[in-house]
Each structure stands twice: as C-alpha cells, then as structure tokens.
Amino acid sequence: MPVREDRAPIDQIGFVTDDLDHAVRFWSESLGVGPWQVYRNVALDGHYLGQPTRVVIDVALGYRGTEQIEFIQVRSDTPSPYQGEGGQPLAGLHHLAWIVDDLDAEAALLDARGMRRVFSAENIAVRVIYFADPKQPGVLFELICGAGSREGHDAGLALSRDWDGRSTLPEIDLGAVA
C-alpha cells in the first residue's frame, strides 16, 4: 500500500530493455539476482495517455534480498509507456511498483495527491496502473493487483534465498492465451 501511512516497502524495481535475455544473464552472473521467471508474449489491454491500446511484452522477474527486479522488452509497436514519443523502445530504469489489494482505492489516493494516470491495463491475471508525477520526470510509479500477486512475489523471494546461481525456472509463453 504505497500511498497509505503504513509505508509499505517497494515491491518491484522495473527496467525496460531491448534485450531481455542479455539483461537476465548479466544481472544473474554479475549481480547475483535470481532465479528468474520469464514470461513471453504477455498481452495487456488498456489505455495509454487516454487512448485505447493493446501492448505485448516479454517480462522477466528476478529476486535479490527483499526486491523483485523486473525487465520488460516491448514486442508490439502500439503506444505504451515502454516506448518514447517517436515509438522507439525505451531502455533503463522505468518504474517503482507496489502490489496492492484494492487497486481502485489505492489509485484514487494517488489521483487525489495530484499524480497523473499514464497507463492502465489488464489481462486475465493482473491489473496495473502507472502514474507519473509531473515534478519528478523519468520514473513511473506502478500499482499492481492480481490474484496471487503477493504470494508469487513472496515465493520468488523465498526461492532466491537458496538460489545456487545456476538453476532456472521454466519459461512461460503466453502467446496462446488470449
């Protein structure tokens, strides 16, 4: 609950990359982040800057300490927060995220604090809303809500404690799921 007074820790630090496999390999070998769960062809339907959009991305989730690290590689050319104004894919730090139980209530609190909704989207597993603060450009703030999101996050953290630096989790391709 990022906007409430209980001061929940950041659950995720998100990056956008043009080479998901390289990013995962580098962060595993050089920084000891892992294990990684890779999801291919994740489709999100929603609105970006008020306009309808369908975005397809590849996502990798890895863990170290108490943090989930996310890498996103955009696969579609539709407008999204993962591309610049000219449609070129972004690269680098992208967002900080919190997993929440009540997305609408948390989003309303950020709205009331003057943050601007940039992207809201969902699929069968998750709903997300990205916010921007006009006075802090360059990073977005994401709320994540989905059945099992907290449990999946916590399970990833637990797996990372005993991770041997080599083992991997099976890759999941969601391209067949509409």
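By class, the lining of the second largest pocket holds 14 nonpolar, nine polar and four charged residues; Ala, Val, Leu, Ile, Met, Phe, Trp, Tyr, Cys and Pro count as nonpolar, Asp, Glu, Lys and Arg as charged, and the others, Gly among them, as polar.

The largest pocket has a volume of about 900 Å³. Its lining comprises 39 residues, of which Y39, V42, L61, A125 and V126 lie nearest the centre, and it divides into 25 nonpolar, 10 polar and four charged residues. The elements β2 (37-48), β3 (51-64), β4, β7, β8 (140-145) and α3 each supply at least two lining residues, with the largest share, seven residues, coming from β2. Strands (E, at least two residues) and helices (H or I, at least four) are DSSP runs numbered from the N terminus.

Residues are numbered from 1 along each chain as its sequence is written. Because the model is predicted, local features need pLDDT of at least 70 and side-chain atom pairs count only at pLDDT 80 or more, whereas totals for chains, interfaces and linings use all residues, and side-chain values use heavy atoms, with hydrogens and water left out.

Eight aromatic pairs are present in the structure, a pair being two rings of Phe, Tyr or Trp (its six-membered ring) with centres within 6.5 Å, stacked if the planes are under 30 degrees apart, edge-to-face if over 60 and tilted otherwise. One of them joins Y82 and F119 in an edge-to-face arrangement, with 6.0 Å between centres and 75 degrees between planes; since Y82 lies in the loop between β4 (67-74) and β5 (92-99) and F119 in strand β6 (residues 116-122), this pair ties together parts that are 37 residues apart in sequence. Y82 is buried at a relative accessible area of 1%, as is F119 at 1%, where buried means under 20%, exposed over 50% and partly exposed in between (1.4 Å probe, protein chains only). F119 also forms a tilted pair with Y130, the centres being 5.6 Å apart and the planes at 50 degrees. Separately, F15, W27, W36 and F71 form one aromatic cluster.

D11, in the segment before β1 (12-16), is buried at 7% relative accessibility, and its side chain makes a polar contact with that of R150 at 2.9 Å; such a contact is a pair of N or O atoms within 3.5 Å, one able to donate a hydrogen and the other to accept it within protein, and residues adjacent in sequence count only if both atoms are side-chain atoms. Beyond its neighbours within four places in sequence, D11 is in contact (heavy atoms within 4.5 Å) with residues including W98 and H153. W98 lies in strand β5 and is buried at 12%.

Notes: 1 Å grid on protein atoms, 1.4 Å probe; cavity = no way out; pocket = protein on both sides within 12 Å on 5 of 7 lines; lining within 4 Å. Points joined across faces, edges and corners; volume = space filled by probe spheres on them.
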